[in-house]
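Hi,

Here is the structure I promised to pass on. Have a look at it first, and then read my notes below.

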Amino acid sequence: MLTGKQKRYLRSLAHHMNPIFQVGKGGVNDHLIRHISEALEVRELIKVTVLNNCMEDRNEVAEQLAQGAGAELVQVIGKIIVLYKESREHKTIELPV
């Protein structure tokens, strides 16, 4: 679990990033979760966009992605989801204590 201070720090890092994945009418599937897991291993922090044609609730989508990828849900704001997972091999982000 991330503390409030850590979430604020990660939100500040994610602010200038562009989303690299989109969830559309297909919703959340194993293929998408696998790609997000691989991206998190390399980047640690990513943004995902929920498109207008996605029929699922964006908060449910965020929970499914976080659980499926074993990541922490940092933020859901509008249609943007921010996910964080500490990398085993490419650790670059030092979280505040």
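You'll find His16 in the loop between helix H1 (4-14) and strand S1 (21-23).

Some housekeeping. This is a predicted model, where local features need pLDDT of at least 70 and side-chain atom pairs count only at pLDDT 80 or more, while totals for chains, interfaces and linings use all residues. Residues are numbered from 1 along each chain as its sequence is written, and side-chain values use heavy atoms, leaving out hydrogens and water. Helices (H or I, at least four residues) and strands (E, at least two) are DSSP runs, numbered from the N terminus.

Now the sheet. Its 4 strands run in the order S1-S2-S4-S3, in an open sheet with mixed pairing. (Two strands pair if DSSP finds at least two bridges between them.) S1 and strand S3 (72-77) are at the edges with a single partner strand each, so one side of each has no neighbour in the sheet. As background, strands of a sheet pair through backbone hydrogen bonds, either parallel or antiparallel.

Next, the inside. The largest nonpolar core has 21 residues, and Ile36, Ile46, Val48, Val61, Leu65, Ile81 and Leu83 have the most contacts inside it. (A nonpolar core is a set of buried Ala, Val, Leu, Ile, Met, Phe, Trp, Tyr and Cys residues joined through side-chain atoms within 4.5 Å.) At least two residues of this core come from each of S1, helix H2 (30-43), strand S2 (45-50), helix H3 (58-69) and strand S4 (80-84). Another core, of 8 residues, lies apart from it and includes Leu2 and Val82.

Finally, H2. Its buried residues are Leu32, Ile33, Ile36, Ala39, Leu40 and Glu41, and they pack against S1, S2, H3 and S4 (contact means heavy atoms within 4.5 Å). Just after H2, Glu44 takes a positive phi of about 75°.

Cheers

Terms used:
Buried means under 20% relative accessible area, exposed over 50%, partly exposed in between (1.4 Å probe, protein chains only).
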